Amino acid sequence: MGLFRKRKGIKLNKILEEKDQERLAHVPDDLVERCPSCRKMLLHKQIETDCCCPNCGYHMHFAAYDRIEWLVDAGSFSEWEATLQTNNPLDFPRYAEKMAQQREKTGLNEAVITGRALINKQAVAIGVMDSRYIMASMGTIVGEKITRLFERAIAQQLPVVLYIASGGARMQEGILSLMQMAKISQAVQQHNRAGLFYLPILTHPTTGGVTASFAMQGDLILAEPEATVGFAGRRVIEQTIKAKLPLDFQMAERVMKTGFIDQIVPRDQQIQVISHLLAIHGQKGSAVDESL
């Protein structure tokens, strides 16, 4: 009966979304950003210096150089191994072109930035992984830069603070990528035997072989709120065990309850917490950089 037929109505949300798209088409790419959590459009000048959404507090992506500038004492960062780039060790098709595109897009030579800096006048060796660069996947150069980070930290008697984000091993480098797990883990162990402090901070996402190696080898392990932390992907696990996983599966808060993370630390507390931990665990290195 016509009386009970569903009437065609105007979908207001769809119209608003179309209007948003029309407006955004005329907006420069570097002017606005949508929060992944609350979905509100934000002008970049509205976003806090720690890259958190001013509306809901969501921890948005933090570019590596921006994070370092926010974290360390002004003018104290000295970059290490800045020019290292992959040379496509397996001659993977179109990999070199992809790397060139990533370098142009992100302004990075690789997915991790390493160096020496001061945090509240305390000298540290610091590394920051950036998921904009092929999801910060762990290739040979990422592995080499992080290994050298720990080796230099040992030579200069420095603690290591490492911000971690990764999608896991880089498939274009095959077994050479997987070998980085053992190489970095060995460097972490040598750093530990030297009596030096290692503090990993897990950010969104921390997955794959990175989680299975140096991400979980810290003296203390911190994480940002709601960061995804795990090994295999959610879909792979569900297909393997033939069961539906809880919505918060692999969320940092749940991982902490199982004992793999020591504390969730929001960004507005991180400088204070890191400084406090560095002071507690002592510092052997000097505030002056030493060439190797």
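Which residues in H9 are buried?

Author: A word on the basis comes before the answer. This is a predicted model, in which local features need pLDDT of at least 70, side-chain atom pairs count only at pLDDT 80 or more, and totals for chains, interfaces and linings use all residues. Residues are numbered from 1 along each chain as its sequence is written, and side-chain values use heavy atoms, with hydrogens and water left out.

Now H9. The buried residues are Arg-267, Gln-270, Ile-274, Ser-275, Leu-277 and Leu-278. Buried means under 20% relative accessible area, exposed means over 50%, and partly exposed lies in between (1.4 Å probe, protein chains only). The helix runs over residues 267-280, 14 residues in total. Its first and last C-alpha atoms are 20 Å apart, close to the 20 Å expected at 1.5 Å a residue. That expected span is 1.5 Å times one less than the number of residues. Helices (H or I, at least four residues) and strands (E, at least two) are DSSP runs, numbered from the N terminus. An α-helix has 3.6 residues a turn, so residues three or four places apart point the same way.

What covers the buried residues of H9? The cover includes helix H2 (64-71) and the strands E4 (112-119), E5 (122-129), E6 (160-166), E7 (198-206) and E8 (222-223). Contact here means heavy atoms within 4.5 Å.

H5 has 20 residues and reaches 31 Å from first C-alpha to last, close to the 28 Å expected. Gly-195 follows H5, with a positive phi near 80°.

H5 also carries Met-179, which is partly exposed at 49% relative accessibility.

A salt bridge is a side-chain nitrogen of Lys or Arg within 4 Å of a carboxyl oxygen of Asp or Glu. By this rule there are 11 salt bridges. In one of them, Glu-81 meets Arg-148 with the closest N and O atoms 2.9 Å apart. This pair links distant parts of the chain, 67 residues apart: Glu-81 sits in the loop between E3 (78-80) and H3 (95-106), Arg-148 in H4 (140-155). Glu-81 is buried at 17%, whereas Arg-148 is partly exposed at 28%.

Arg-148 also bridges to Glu-144, at 2.7 Å from N to O. These two are 4 residues apart in H4, which means about one helical turn between them. Glu-144 is partly exposed at 23%. Shared partners join Glu-81, Glu-144, Arg-148, Arg-152 and Lys-183 into one salt-bridge network.

Ser-76 lies in the loop between them, and is buried at 18%. Leaving aside neighbours within four places in sequence, Ser-76 is in contact with Arg-116, Ala-117 and Leu-118.
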